[in-house]
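User: I am new to this structure. Please take a close look at one part, the place where two chains meet, and then show me what surrounds that part.

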Amino acid sequence: MIKQSQTLSNPTQRAQTLRALLPGDAGVDVGNRAALSEIDASCRVPVLFFFLSGLAWLLAGTVLALVASIKLHTPGFLAGWEWLTFANVRTAHLNTVIYGFASQISVGVTIWLMCRLCRIPLVAPGLVTVANLFYNIGVTVGVGGILIGDSTAIEWLEMPRYATPILFISYALIAVWTIVTFRLRAERHLYVSQWYLLAAVLWFPWLYGTAQVMLLIEPVRGVVQAAVNWWFAHNVLGLWFTPIGLASIYYFIPKVIGRPIHSYYLSVLGFWSLALFYNWNGMHHLVGGPLPSWMITVSIVASVMMLIPVITVAINHHFTMLGHFGKLKHSPTLRFMVFGAVSYTLASLQGVASALRSVSEVTHFTHHTIAHAHLGMYAFFSMVMFGAMYYILPRITQREWPSNSLISLHFWGVALGIVLYVVPMSIMGFIQGTMLNDAAVRFLDVVQFTLPWLKLRTLAGLLLAAGHVAFVINVGWLLVRMFEPYRKPVVRILTGEAETVAAAKQP
Amino acid sequence: MSYGPLLFLGILFTLATSWVGLILLPHRQMGALGQHTDTNTAAIYPAVRAGEAQQGAEHYRSLGCVYCHTQQVRPEGYGSDIERGWGRRRTVSRDYIQDKTVMLGTMRTGPDLTNIGERQADAAWHYRHLYNPQITSPGSIMPPHGFLFDVRVIGQAGRSTNALVLEGTFAPPAGHEVIPSRRAEQLVAYLRSLKSSGDLPEAPVKKEEVK
Amino acid sequence: MPVIAFILLGSVVLLPAVALMALRWAASSGQFRCSDKAALLPFDEVEPVGLETDRILGGNRR
């Protein structure tokens, strides 16, 4: 199987043929570039499918988020419709952005990164496309089920039982595709990003399968449900999104600034310590809850141990950037990536702190946790995914970003929006927790205290929405350009000499 | 250097550790937890829920009450759960063995409901609160659940016995009455069944409070 | 309960032992070598170290 792919579609060989056709250095350059753009081009259709459906879900999720946010401070808003209750809208928001948006963009980025790092054009595009189709059917059925009241009320696993197997099949297909690509790779050496990606696609179906069987198909008894629930829900973040986000940062920051990662040794340490400790963290969501203390204590210890991978990764990412901050001005990918990398450090430290019994006593059950979730999922993960898309989309479509102003609008909209979301909500949650822990404060007074802050959150949400709309317009425009005839240098983004690529296309 | 298989095994092994530790072992420890029979009073705790309350639990799940209300009381001295009167003792694993879906919750936008059946036994209060929380708790941000009620023209026989007592701006148009739907009745039956204060060896209720 | 204690205690001894053995094997078989080379994997002849690849904003677009 390996041999066959090497003779049929090995870009290195094709590159050698091209090299022979053209004289001197130009030949080498054109040959390699052609190999690179062949890999990019092979990813075009499947990756675009994932990105575009992901962005459609992002818009849906943004609208749902705004409705939920308004409902929380103005409970009468759209109160007549049963399918739009706060609980339904909030849950539909979580599921569209987690499963519809973030996971689909992750898969798109994973596919492209795997092809590039394995140095082979995309294999089995049909498999990937079927996975995408299944996936979107699954999310549509699942979110529809939530809105008609079939939610399971198990956090992060609200999609009803009739939707989750569809998603499971899709995840399994992606895992199979990744393993096949990995086996067929033309570059035998492995980069750290590949470790993270391979781990993520193997871990997730396991997590999802276990949670489905033990919670939806054959529910376990009593609070074991809560243990499975939080083992799953925390690991969705830690073993699915985090590895893909870190894999992207490990690839894109060095790639954009043209400098290898600060220390490869540290990246090895970071990977294995994450793999060892993160999956034990989940029970810190149940501090003070009705579970045996040993479980919660184990999770708190593991949460503190997360300092090792977090600090390792922080040193690696931030030291790589040292002396290159000037480049933030020119590269949207770098801006989003660095924003995400810094947020990862902050979110992880906040997470470690919140896991401690003394802190959790205050912050558990409050908006502090909501702020923390958005710091992790948005300020870290979504920003990294935006950055990756800014790099990947022009390369797979062979078109430039149409508007720089829209890029700036996107960046500043979401950057300010998420800061305005996370910082006040973290502070508010802390005060809310202090008030809740003081039995002398009436519960309704605590509710009233949160109102102005919740209104501020709606404002932050509007900024985020503006950023999303700007990005989607830019992507749509890029697609329109894809269908226009090849005009002039369209790939100067690659490094400059676009003409050589055009020449390589018709040797 | 190609070490794919090692990587593969490492990836599976690391997750397997917590899968055993946090899923299989707890399942062994707590999965078969049974009811407790008090040796003095022969009372069995936790009791099986009545059918109507069990159906109400499905509405509680379907309506997503869990996103704003917890069902867990933290131990004394940890948070103010007991001082706020949300329970007489902390909740423990055994309290939840009768629940089809365990809804501990992670957010207290609203108060804890572990013992709401004990704290607020009046069904009429629950109906009015669900119909519009502003009636019973002015300033609450809980959404009104008008869709759980029917507004009907008052019939020949006069006002129905189960019609809600509503005044002022909350009252229905003249000649109309607000009747709880079947779902509202089941939901309220469930809420009134929420009592986790049985005396357990692992979580005794303080003596002076046991009558 | 004794079963759990047994498994926990056993794993406390066994897991680090396995980890140490794996580490020793990894070091002796050269898994830690070439790691500087691995850091260069995102780069190639077309996009070598030192080349910025995403310079599209702010004046000097290339």
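A word on the source. This is a predicted model, in which local features need pLDDT of at least 70 and side-chain atom pairs count only at pLDDT 80 or more, while totals for chains, interfaces and linings use all residues. Residues are numbered from 1 along each chain as its sequence is written, chains are lettered from A and ligands numbered from 1 in the order in which they are written, and side-chain values use heavy atoms, with hydrogens and water left out.

Now the contacts. 73 residues of chain B touch 87 residues of chain A, where contact means heavy atoms within 4.5 Å. The interface holds 29 residue pairs in polar contact, both residues at pLDDT 80 or more. A polar contact is a pair of N or O atoms within 3.5 Å; within protein, one must be able to donate a hydrogen and the other to accept it, and residues adjacent in sequence count only if both atoms are side-chain atoms. Helix H1 (4-30) and H2 of chain B each supply at least two residues of the side that touches chain A. H1(B) gives the largest share of that side, 20 residues. Helices (H or I, at least four residues) and strands (E, at least two) are DSSP runs, numbered from the N terminus.

One salt bridge crosses this interface. A salt bridge is a side-chain nitrogen of Lys or Arg within 4 Å of a carboxyl oxygen of Asp or Glu. Glu82(A) and Arg183(B) meet in such a bridge, at 2.7 Å from N to O.

Over all chains, the whole structure has 20 salt bridges. Two of them lie within chain B. Arg49(B) pairs with Asp99(B) at 3.1 Å, N to O. Arg49(B) sits in the loop between strand S2 (44-45) and helix H2 (51-62), and Asp99(B) in the loop between H2 and helix H3 (116-119), so the pair ties together parts 50 residues apart in sequence. Arg49(B) and Asp99(B) are both buried. Buried means under 20% relative accessible area, exposed over 50%, partly exposed in between (1.4 Å probe, protein chains only).

Glu52(B) forms a salt bridge with Arg182(B), with the closest N and O atoms 3.2 Å apart. Glu52(B) belongs to helix H2 of chain B and Arg182(B) to helix H6 (residues 182-193), so this pair ties together parts 130 residues apart in sequence. Glu52(B) is partly exposed because its relative accessible area is 32%. Arg182(B), at 47%, also counts as partly exposed.

Chain A has a pair of its own. Arg116(A) and Asp40(A) form a salt bridge of 2.9 Å, N to O. Arg116(A) is in helix H5 (residues 86-118) and Asp40(A) in helix H3 (residues 24-42), 76 residues apart. Arg116(A) and Asp40(A) are both buried. A network of salt bridges links Asp40(A), Arg116(A), Lys255(A) and Glu47(C).

Chain C has two helices and zero strands. Of its 62 residues, 31% are buried.
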